[in-house]
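Work through the exercises below with the structure in view. Try each task before reading its solution.

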Amino acid sequence: MSVLTTPAGIATGAADALRRRPGADVAGSAFKWLLIGATVFATGFLAVLLAVMIVDGWEVLSGNLWHFLTHGFSQRSAAEAGVWQGILGSLQVALVTGLFAVPTGVATAIYLVEYAQGSRFARIVELNIRNLAGVPSIVYGLLGLAVFVQTIDGFTKGKTVIAGGMTLAAMVLPIVVITSVEALKAVPDSLREAAYGVGATKWEVLSRQVLPAALSTILTGTVLALARALGEAAPLILVGAATGFMSFGDANVFETFTGPYTALPVLIFNFARQPGADWGVNAAAASVIILVLVLAVNGLAIYLRNRFEKQW
Amino acid sequence: MNPEKALMTDESEAPEILAPSEPHTQTRIDVSAVAAMAGQRADTETVFECGDINVYYGDFLALRDVTLDIAAHEVTAFIGPSGCGKTTFLRCFNRMNDLIEGARVDGTIHYHGVNLYQDEVDPVEVRRRVGMVFQKPNPFPKSIYDNIAYGPRLAGVKRSALDDVVEGSLTRAALWDEVKDRLKMSAYGLSGGQQQRLCIARAIAVQPDVVLMDEPCSALDPIATGRIEELIAELKTEYTIIIVTHNMQQAARISDMTAFFSVQANEMGHRTGELVEYAPTSLIFTNPDDPRTEAYITGRVG
Amino acid sequence: MPQDTSDLSVADLRTSASRRAWSAGARWAFALAALATVLVSALIIWTVASGAWTFISQVAWGNLTEIGWFPRRGLFDLSTLLVNSAQISIIAMLVAVPSGFGAAIYLSEYAHPKVRKVMKPTLELLASVPSVVLGVFAISFITPSILTNFFDDINFFNKLAAGIAVGLLVIPLIASIAEDALRAVPVALREASSGLGARKVTTSIRVVLPAAMSGLMAAIIVGFSRAIGETMVVTIASGGGDTSLFNLALTESGGTITSAMAALGLGTDQVAGNNLAFQSLYFLGALLFAITLVLNMLGDVIVRRLQNKY
């Protein structure tokens, strides 16, 4: 190796060796662009999805949106059909879901983090929650059908918003628990110690210090869980969300909780099953509406999280 | 005395409270004469009598056989190398160790004659009487006012009396002048030193009898540290203070009694702390009994 | 000013009864809620197990291996549904794993923190796209605008489109688990590789990916489980009817475990003919529950082992 003979030679050799040669790392850039392609595909299809749905549903979205949003379901013709029963039903179901899932889920998380951390019962509950999170949504439909619709029909009045909401509450319960556990674990122990240090009981520490500190994150998790419930159709089909014609009769808003109901994703499913292109337009238009709704709710949750993210 | 009444107490009564502390100068000499590690000290009001305290974390012994008394209206300092169990011991006095998973305290601590570790005692009430200031300032994420008012509210102090409690506590913590115009602002806006004084104010707002301080200055700069030390000197006229510090000069400056803890590792490498020497500060820093103490304070160990 | 401490007694060291009662009551309320979550699991298991038992004890075993799934005629060929479920889930994995892993590697190894900060929430957003919408997307776009270019005689309802749509649905889940696995690989390993003169691509493929292998496996397993359990996409795009004939062709329609359940569920009021049809709903539920439970526990064990590793 002659370059090693003189210091000057070494220096020149080194300078050459260190120079970035164009095209030397072809494999590296190819790999990187492949990854970028995969990422664009993974995230970009949302844009394609929205675009396709808007184009397909344009007929309704551009000309007939108000009618579509304010009219009930019609079996007779696609042009007469609207989704307001679905929107109302979805909101009612989400309300019931929240009423059942949020208190239970947050309380479970509090028990796990603040009372029973490490105990055998806590480990059982944690394992149980992780498994529940992986149970397919339609299985929750079976739970709803057998338990909420049939066994406790005295409370739910059968196939009603209440039964549907309880079914989805069971389904989103793991999400609420898991995000609440994260939120509570993020509250520093120094805060708890400070409160104990001035003579607070456990309940006082939790209710006045820990929960307020964790509230924004818990809220975010709750909103995400409800967004999930808003888009879910499979379990509702089993617990009797109407897929065909339905009428409230002259029921008032409170009575609709214990009468026949439907939900927006169930209506989309129904539109998609009808023969004929005009029903397809309805399905696409309703898809745009539910996408906007769900994305808005999610966006709100993510915004809330970033806005209130605490630095301890 | 119920807390409300106590709150109404006029500042003018302060001298009366100061008065009983006068004879302490006398007792201190007695104590130094005895210089007993675990001996009963006569003539002085004893706040805590600890007997054979052992603290376990799970199966491991963290602190072995500590027996000592804490005198009223004095500053008692716990010093020693890290891991020697001084913080663990401090947390025994208000049963803060109850909150640690798997921690167990054996032995007795009599507080004014009542054993804190008997079933009938509620740690919540103990902590109201034995307040605590932590290593890192840990104000609540609330306003300055609400930080102070939190404890008194729990203790049932009426809304109408809260303003006075807040002002009184902040004044005694030497913070009032700095924050009186921004009581409704977040405590997180204060400097580190101010936050720690806020935490002291928060601790004394519930009318405790004792204030425990766990390395209260370790996160502060020298100027802030100086202010806290001044504050401690003032507070001891009203409160009994136990302070853990890693700073020997600080212990020498502010304390009346000093307990030196050391640590021993067993064959499995598990470290257990023990009390080596407990004596008046002046004595410990000039003429320590135990060679380990001497090695530590002269900087040869730790 | 400190309170009077002379004549202190144990009674003074007790908190007021109401504060203690509140604290104890709260504890019970929280424990009760935790118990309720266990109850949900117990009820699910009881529901599917008892319904499935009724089915198993009454069905003629020969009818479980027939020409197809015709519940109202008493023909319950499980292989039809299982094969369709497997086919659709495998197609879904073929779509979701490359793009999900690619996105995960990009976000964890290459992306600028600012890009990452935008892309992570976007992935979360994608995870919330309702599955019915993807079902509609499959029949209104994937089949007519894409697949018909490649397959002349493709059915309007077909397993291929359903599989692709399910794949799109699972991408965010797979990407998220994979990204967690990659980020769990210590920076020191990457530095060690770079320090030996390895290029970034070499470090990523030779060091980071193998180190994260078990986590990536978990992502595939959990993603597969999710794909098997997906209902609406398949019901809309492939298994529209409540019957299906055994068929291996991907361009044909075919019902899965889940779409058969949805079809049975739609007719719960009017399930006529063979009354076992209604019970088969629970049997399928039990089957689905067992499959996904095993897969999820497997994935969970792997993820946990990974967490302990570093």
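**Exercise 1.** In this predicted model, find the residue with a positive phi in the hairpin of E9(B) and E10(B).

Solution. Go to the 5 residues between the two strands of the hairpin. Gly269(B) takes a positive phi there, near 85°.

**Exercise 2.** State how E9(B) is joined to E10(B), and how to E3 of chain B.

Solution. Start with strand E10 (residues 271–280) of chain B: 9 bridges join E9(B) to this strand, and the two run antiparallel. One of the partners is Ala279(B) in E10(B), which is bridged to Thr258(B). Then take strand E3 (residues 75–79) of chain B, which runs parallel to E9(B) and is joined to it by 4 bridges. Here Thr76(B) has Met257(B) in E9(B) as its bridge partner.

**Exercise 3.** Classify the aromatic pair of Phe89(B) and Phe261(B), and say which parts of the chain the pair ties together.

Solution. The structure holds 23 aromatic pairs over all chains. In the pair of Phe89(B) and Phe261(B), the ring centres are 5.7 Å apart and the planes stand at 55°, so the pair is tilted. Next, locate the residues: Phe89(B) lies in helix H4 (residues 86–90) of chain B and Phe261(B) in strand E9 of chain B, so the pair ties together parts 172 residues apart in sequence. Finally, Phe89(B) counts as buried, at 0% relative accessibility.

Technical notes
Residues are numbered from 1 along each chain as its sequence is written. Chains are lettered from A and ligands numbered from 1 in the order in which they are written. This is a predicted model: local features need pLDDT of at least 70, side-chain atom pairs count only at pLDDT 80 or more; totals for chains, interfaces and linings use all residues. Side-chain values use heavy atoms; hydrogens and water are left out. Two strands pair if DSSP finds at least two bridges between them. Rings of Phe, Tyr and Trp (its six-membered ring) pair if their centres lie within 6.5 Å; planes under 30 degrees apart count as stacked, over 60 as edge-to-face and the rest as tilted. Buried means under 20% relative accessible area, exposed over 50%, partly exposed in between (1.4 Å probe, protein chains only).
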